[in-house]
Amino acid sequence: MQFTSERRLDDGVLEREFTLGEIPGTLWTPESAAPAAPVPLILMAHNNGLPRRQSRLVARARHSAAYGYAVATIDAAGCGDRPRSAADEQARADLRRAMQAGEPVDEVFESLVGPLVEMAVPEWRTTLDALLSLPEIGGPVGYSGWTAVGIRLAVVEPRIAAAGFFAGGYVPRAQRDEAGQVTIPLLFLLQWDDEGNPRQRALDLFEAFGTKEKTLHANMGGHTGTPWFEVDDGNRFFGRHLK
C-alpha cells in the first residue's frame, strides 16, 4: 500500500489517498488513531459504479471517522475511476433504458452487477489485508454500503464482525442465495419509496438473512433520501459490535 497524499481536515480527521497495485482508495482516521491505541475499521463501499469520492459517501466516512473509526473505501474494478469494459458500458445503458421504459431489468442487472461483485470482493479482501497491517488500525472490522458486495464479504471474510446494508431490492441471484449464510449482526436500511429498489424484494431479502441479530430501519422517501440520523444510528450500531 502506497499513500499518495494526505491532509488534515477541519474536524481533525486525517484523510489519505492510497494505491494498492491497480486499486485506488481513500482512508480516513480519527485523531485518536495511533500504534498505542489502534481503532476499529469500517469498510465503506459505494453502490454499483459510483466513485469513492461521491459526496454522500465522503460525508458518511468523515462522520464515522470523527466518531472514532478508521474508514476506508476503494474504487473496485469497473467502478469509479477504474477502466470500464465496453460490455459494462452497454449493460449500464441497457439497464437505464429498461428502467426508464418500465421493462423487466433482472437479466440486464445480472449481466452487469454479478460480474462486478465477483471482481470487487477479492479486491476488498486484499485491501483489508493491507489496512490491518497498519499499526493504527486494529480491528474489529465492519462493513457499510453496497448490499451485494456486503453479502459476499460477510460470507467469505471471517474478519467482518458486523455490517450495515443499504436498500437491497436488486441483488444478484447468487447473493440472494447466500443471504442465509450471513450470520453476523446486521443493520438493514430501506427507503420506502426507492424507485430503484423494489420494496418487497428488499423485505424478502431481509427475511432471508440467517443472522439472529438483524434490524430493519425503513424511512419514507426515495433512493437518495436516507435521513442523516441514520448515520448516527449506524455509528452506534457499530459501537455495539466493534468497540
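Student: Not counting residues up to four places away in sequence, which residues does Leu153 touch?

Tutor: This is a predicted model, in which local features need pLDDT of at least 70, side-chain atom pairs count only at pLDDT 80 or more, and totals for chains, interfaces and linings use all residues. Residues are numbered from 1 along each chain as its sequence is written, and side-chain values use heavy atoms, with hydrogens and water left out. Leu153 belongs to helix α4, residues 147-156 (helices are DSSP runs of H or I with at least four residues, strands runs of E with at least two, numbered from the N terminus). Taking contact as heavy atoms within 4.5 Å, and skipping residues up to four places away in sequence, Leu153 touches Val121, Trp124, Arg125, Tyr143 and Ile160.

Student: Is Leu153 buried or exposed?

Tutor: Buried means under 20% relative accessible area, exposed over 50%, and partly exposed in between, with a 1.4 Å probe and protein chains only. Leu153 has 2% relative accessibility, so it counts as buried.

Student: Which residues have the most contacts inside the largest nonpolar core?

Tutor: Such a core is a set of buried Ala, Val, Leu, Ile, Met, Phe, Trp, Tyr and Cys residues joined through side-chain atoms within 4.5 Å. The largest one has 54 residues, and its largest share, twelve residues, comes from helix α3 (residues 106-131). Those with the most contacts inside this core are Leu41, Leu43, Tyr143, Trp146, Val149 and Phe209.

Student: Where is Val182 found, and how far is its C-alpha from that of Ala154?

Tutor: Val182 sits in the loop between α5 and β8 (186-191), and its 0% relative accessibility is why it counts as buried. Beyond four places in sequence, it touches Ile151, Ala154, Val155, Phe209, Gly210 and Thr211. Val182 and Ala154 are 28 residues apart in sequence, while their C-alpha atoms are separated by 6.0 Å.

Student: With which residues is Gln175 in contact, leaving aside neighbours within four places in sequence?

Tutor: Gln175 is part of helix α5, residues 173-178. Its relative accessibility is 1%, so Gln175 counts as buried. Leaving those neighbours aside, its contacts are Val117, Ala148, Ile151 and Arg152.

Student: How are α1 and α7 oriented to each other?

Tutor: Axes are lines fitted to C-alpha atoms, for helices over the stretch in contact, and angles run from 0 to 180 degrees between N-to-C directions. Helix α1 (residues 55-66) and helix α7 (residues 229-242) pack at about 45 degrees with axes 10 Å apart. Angles under 35 degrees count as roughly parallel, over 145 as roughly antiparallel, 65 to 115 as roughly perpendicular and the rest as oblique. The two helices α1 and α7 are therefore oblique.

Student: What is the handedness of the crossing of α2 and α3?

Tutor: The axes of helix α2 (residues 86-101) and α3 come within 8 Å and cross at roughly 135 degrees. A crossing is left-handed if the near helix is turned anticlockwise from the far one by less than a right angle, and right-handed if clockwise. The crossing of α1 and α7 is right-handed, whereas that of α2 and α3 is left-handed.

Student: Which residues of α3 meet α2?

Tutor: From α2 come Asp88, Ala91, Arg92, Asp94 and Leu95. On the α3 side they meet Val108, Phe109, Ser111, Leu112 and Leu116.
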